[in-house]
Amino acid sequence: MSAPLLDVAGPAAPPRANGELVFTAPWEGRAFGLAVALAEAGVFTWDGFRDRLVARIAAPYYGCWLAACEDALVAAGRLDGDDVSTRAAGLAARPAGHDHNHDHAGHGHGHVR
């Protein structure tokens with residue numbers, strides 16, 4: 001399957017500087033990568049994701065990527081709304097810096113509870 005074609009202009013275009021994608025926090029890059037990987041895996045279509053992203057555009061930009069990704073997963077039947085809420089609450093309850101413990105950099109725990 002080919003990589004999704006990113007918009008370079010319009011409401012779904014990711015922020016760029018000098019032609020490069022811009023992420024102001026690590027979670028933004030992860031949100032971006034998650035949506036791209038799920039579309040490449042065929043979990044949902046890129047066009048369907050982009051339509052949901054445009055419907056949710058607001059600041060912060062990558063927060064919209066996460067919300068649109070959740071919408072696409074629900075629409076694809078991979079999660080229901082309660083799953084999204086439960087997982088989001090679990091992630092929000094994790095201690096600050098959970099994903100950024102430099103003592104264990106690269107340990108790849110990547111689990112979601």
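This is a predicted model: local features need pLDDT of at least 70, side-chain atom pairs count only at pLDDT 80 or more; totals for chains, interfaces and linings use all residues.
View 1. Helix α3 covers residues 61–75, and at 1.5 Å a residue its 15 residues should span 21 Å. The C-alpha atoms at its ends are 21 Å apart, which agrees with that expectation. Look for the buried residues of α3, among them Y61, C64, A68 and L73. The buried residues of this helix pack against α1 (26–40) and α2 (46–56).

**View 2. N18 in its loop.** Here is the loop between β1 (16–17) and β2 (20–21), where N18 is found. The phi of N18 is near 55°, a positive value in a residue that is not glycine. N18 counts as exposed because its relative accessibility is 82%, and the cut-off for exposed is over 50%.

**View 3. Two aromatic pairs.** The structure holds 8 aromatic pairs. In one of them, the ring centres of F44 and F49 are 5.8 Å apart and the planes meet at 20°, so this pair is stacked. Both F44 and F49 are buried. For Y62 and W65, the centres lie 6.0 Å apart with the planes at 35°, so the pair is tilted. Y62 and W65 are both in helix α3, 3 residues apart, or about one turn of the helix. Y62 and W65 are also both buried.

**View 4. The aromatic cluster.** Step back from the pairs to find one aromatic cluster, formed by F23, F32, F44, W46, F49, Y62 and W65.

Terms used:
Residues are numbered from 1 along each chain as its sequence is written. Side-chain values use heavy atoms; hydrogens and water are left out. Helices (H or I, at least four residues) and strands (E, at least two) are DSSP runs, numbered from the N terminus. The expected span of a helix is 1.5 Å times one less than its number of residues. Buried means under 20% relative accessible area, exposed over 50%, partly exposed in between (1.4 Å probe, protein chains only). Contact means heavy atoms within 4.5 Å. Rings of Phe, Tyr and Trp (its six-membered ring) pair if their centres lie within 6.5 Å; planes under 30 degrees apart count as stacked, over 60 as edge-to-face and the rest as tilted.
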